[in-house]
Amino acid sequence: MVFKTFNAGDVLTSADVNNYLMAQAVIVCTSGTRPASPVEGMTVYETDTDRYVSYTNGAWSEMMTMGSWASYAPGWNGAIGNGTISARYTRLAGRLIVFQILLTWGSTTTAPGSQWQFSIPVAAARNFVGSASVFDSSAGRLWTGSFRALSSSGQIDRIFVDSADGDASNTNRSWVLNSNTTPFTWASPDELSISGFYEAS
């Protein structure tokens, strides 16, 4: 559909309204009331999802979400017990996913006997890395680190932490979270914080 210049005195026909005004405007509706016969390049803002979507190559595809955050329940291969796990994510610029996970240890929380793993909110287009930190509440020390996530499993499959702030005895050391005692003995209310961003598939 081409751009049309209207001149003074032109008759505005119903075809002009449909083709040049309606089809090329940003339509405001819900995800369930999008136009039944869209044309290539049509753009819609969905009021129920806060998303912009565009009709491209015969299908609706997401362009961007207007910064709204949604909670999700991340799977963890440990037993949370009376601890808590909270997580949320948002989608920006079509395929950019930003997410956060916070695990707070409880008195009955038990870590897995292998590498700690968490599920990500949306399938990833490829493997990616992000940041992580753990807080030892009894010592008042923050340990910084990173994580690796695999697109094939949809999981954070390995979390690395480095020496704690102010802990000279552990300089240049690194641990993989894989037990209740790495890199310290976990107890209530110690915390693990994870954050990252990646391209959705």
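This is a short tour of the model, stop by stop.

You're looking at a predicted model, where local features need pLDDT of at least 70, side-chain atom pairs count only at pLDDT 80 or more, and totals for chains, interfaces and linings use all residues. Residues are numbered from 1 along each chain as its sequence is written, and side-chain values use heavy atoms, with hydrogens and water left out.

Colour by pLDDT (the predictor's confidence in each residue, from 0 to 100). The protein chain averages 88, with 89% of the residues at 70 or above. Confidence is lowest in helix α1 (residues 14-22), at a mean of 76, and highest in strand β8 (residues 118-119), at 98. Helices (H or I, at least four residues) and strands (E, at least two) are DSSP runs, numbered from the N terminus.

Next, select W76 and F118. Their rings form an aromatic pair, stacked at 5.9 Å centre to centre with 10 degrees between the planes. (Phe, Tyr and Trp rings, the six-membered one for Trp, pair if their centres lie within 6.5 Å; planes under 30 degrees apart count as stacked, over 60 as edge-to-face and the rest as tilted.) W76 lies in the loop between β5 (70-71) and β6 (84-92) and F118 in β8, so the pair ties together parts 42 residues apart in sequence.

Now jump to F128, in strand β9 (residues 128-136). F128 is buried at 10% relative accessible area (buried means under 20%, exposed over 50%, partly exposed in between; 1.4 Å probe, protein chains only). Beyond four places in sequence, its contacts (heavy atoms within 4.5 Å) include F99, I120 and F197.
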